[in-house]
Amino acid sequence: MPDPAAVRPLLLSWFDRHARALPWRLTRPDGRRDPYRVWISEVLLQQTQVARGLVYFERFLTAFPDVERLAAAPEEAVLKAWEGCGYYARARNLHRAAREMAASGMPTTHQGWLALPGVGPYTAAAVASLAFGERQAVMDGNVRRVLSRLSGVREPTDRWAQQQADVLLDPQRPGDWNEALMDLGATICTPKSPRCAVCPLQTHCAAFASGDPAQYPAPKKRAAVQVTVAVALLIGDGEQAYLEQRTGTLLGGLWGLPLEEVRDVDVAGALNRLQQRLNATEAEWLGVVNHTMTHRQIQLRVYRAQAAKPLTAVGGRPLSRLDHKALALLAAPQPALFAG
DNA sequence: AATTCGGGGGG
DNA sequence: CCCCCAGAATT
């Protein structure tokens with residue numbers, strides 16, 4: 001653990017010159033960030049890179065400029081704005097939280113924010129410090145890596161990292177300190193090939209002294225990828241189709257083609273269940289779609305059939321990438337061969 | 001403490 | 001192919 005009194009001015013003066021200009025860092029007259037923008041951006045950036053977050057932030061704020069309009073919108077419109085961004089529980093929780101705020105007011109404290117759905121220790125500390133000036137230290141992937149390196153601790157626990165962050169937090173500029181630590185992690189103290197030569201904390205860093213800073217922290221263990229095979233039925237075409245709203249934790253809230261999971265390698269059985277459920281005609285083979293997610297590999301076998309079901313415009317519903325790929329089997333023209 | 005939840009960037 | 005990303009909720 002480096003000396004906080006020595007490290008704070010070094011990092012903050014670096015931050016004063018090199019802070020990233022980001023749209024959610026718009027500063028209000030009182031010097032603090034706008035809580036709505038901070039909240040939306042923090043949720044958007046959970047497990048999502050900044051470059052990608054920028055695009056969705058723009059989209060989301062155009063659709064829902066303030067918490068009142070977010071609360072007034074139907075959940076499906078919120079998911080539509082979030083479409084393609086992943087971890088859709090974030091969008092559903094954002095919507096629920098907005099409705100709580102519309103009814104009871106926006107919290108102004110760390111504890112108050114923590115009580116909202118989709119707001120955990122990281123997001124509560126970020127909003128409390130950036131928008132309300134509260135002394136709360138954020139601990140995200142960047143901070144964890146920086147702290148691991150400064151102290152030379154290869155396997156930091158969440159508890160350890162949070163305690164380190166709490167002690168290091170600059171009590172005079174808690175919001176700036178938090179952003180500074182994250183900016184350092186994102187632009188200098190990167191996971192691979194950190195740019196130690198230009199790091200303001202180089203002389204205080206145990207990992208730099210070790211000669212191989214990239215070895216800190218040790219990589220996390222990952223769960224095995226689960227392989228899933230499913231059958232989907234396309235009724236309609238690539239633009240007007242019969243869609244169902246998914247429930248449960250996987251892609252919950254999004255819409256997509258009706259599907260049945262294949263068990264015991266019995267594709268025909270799954271297809272039969274699907275046809276019976278929808279009272280559909282004999283199915284025609286369309287093609288296969290492979291979709292990889294972090295922890296799951298889905299092979300979707302897509303068929304086309306006729307059934308007396310209402311068709312809806314695909315573009316008006318929030319769909320996952322998986323379903324967009326399946327619909328593209330029919331919407332896309334056959335790849336042309338070059339002749340001569 | 002370990003899993004689960006998307007999708008893409010970058011080595 | 002691999003790890004990682006301004007994490008949170010559930011088990």
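Modeller: Ser 193 is placed in the loop between helix 11 and helix 12, where helices (H or I, at least four residues) and strands (E, at least two) are DSSP runs numbered from the N terminus. The model is predicted, so local features need pLDDT of at least 70 and side-chain atom pairs count only at pLDDT 80 or more, while totals for chains, interfaces and linings use all residues. Residues are numbered from 1 along each chain as its sequence is written, and chains are lettered from A and ligands numbered from 1 in the order in which they are written.

Colleague: What makes the phi of Ser 193 worth noting?

Modeller: Most residues other than glycine have a negative phi, and most peptide bonds are trans. Ser 193 is not a glycine, yet its phi is positive, at about 50 degrees.

Colleague: Which peptide bond is cis, and where does its proline lie?

Modeller: The bond from Tyr 216 to Pro 217 is cis, with omega near -10 degrees. Pro 217 belongs to the loop between helix 12 (206-210) and strand 1 (226-234).

Colleague: Why is helix 2 called roughly antiparallel to helix 8?

Modeller: The axes of helix 2 (residues 35-44) and helix 8 (residues 121-132) come within 10 Å and cross at roughly 150 degrees. Axes are lines fitted to C-alpha atoms, for helices over the stretch in contact, and angles run from 0 to 180 degrees between N-to-C directions. Angles under 35 degrees count as roughly parallel, over 145 as roughly antiparallel, 65 to 115 as roughly perpendicular and the rest as oblique. Helix 2 is therefore roughly antiparallel to helix 8.

Colleague: Which residues make this contact?

Modeller: Helix 2 supplies Pro 35, Val 38, Trp 39, Glu 42 and Val 43, and helix 8 supplies Thr 123, Ala 126, Val 127, Leu 130 and Ala 131; contact requires C-beta atoms, placed from the backbone, within 7 Å. By class, these are 8 nonpolar, 1 polar and 1 charged residues. Ala, Val, Leu, Ile, Met, Phe, Trp, Tyr, Cys and Pro count as nonpolar, Asp, Glu, Lys and Arg as charged, and the others, Gly among them, as polar.

Colleague: Why are helix 8 and helix 11 oblique to each other?

Modeller: Their axes are 7 Å apart and the packing angle is about 125 degrees. Helix 8 and helix 11 are therefore oblique. Ala 126, Ser 129 and Leu 130 of helix 8 meet Pro 174, Gly 175 and Asn 178 of helix 11. That contact has 3 nonpolar, 3 polar and no charged residues.

Colleague: How many residues surround DNA strand C, and which are closest?

Modeller: There are 30, the closest being Leu 45, Gly 120, Thr 123, Asp 140 and Gly 141; a residue is near a strand if its C-beta atom, placed from the backbone, lies within 6 Å of it. Helix 8 gives the largest share, 4 residues. By class, this surface has 13 nonpolar, 12 polar and 5 charged residues.

Colleague: Which residues come nearest to DNA strand B?

Modeller: Of the 21 residues around DNA strand B, they are Gly 86, Thr 249, Thr 294, Ser 320 and Arg 321. Helix 3 (50-63) and helix 14 (321-331) each give two or more residues to this surface, which divides into 8 nonpolar, 9 polar and 4 charged.

Colleague: How do you know where the domains of chain A lie?

Modeller: Domain bounds come from an automatic or database domain assignment, which divides chain A into domain 1 (4-215) and domain 2 (226-331). Their C-alpha centres lie 37 Å apart, and 8 residues of domain 1 are in contact with 7 of domain 2.

Conventions. Contact = placed C-beta atoms within 7 Å.
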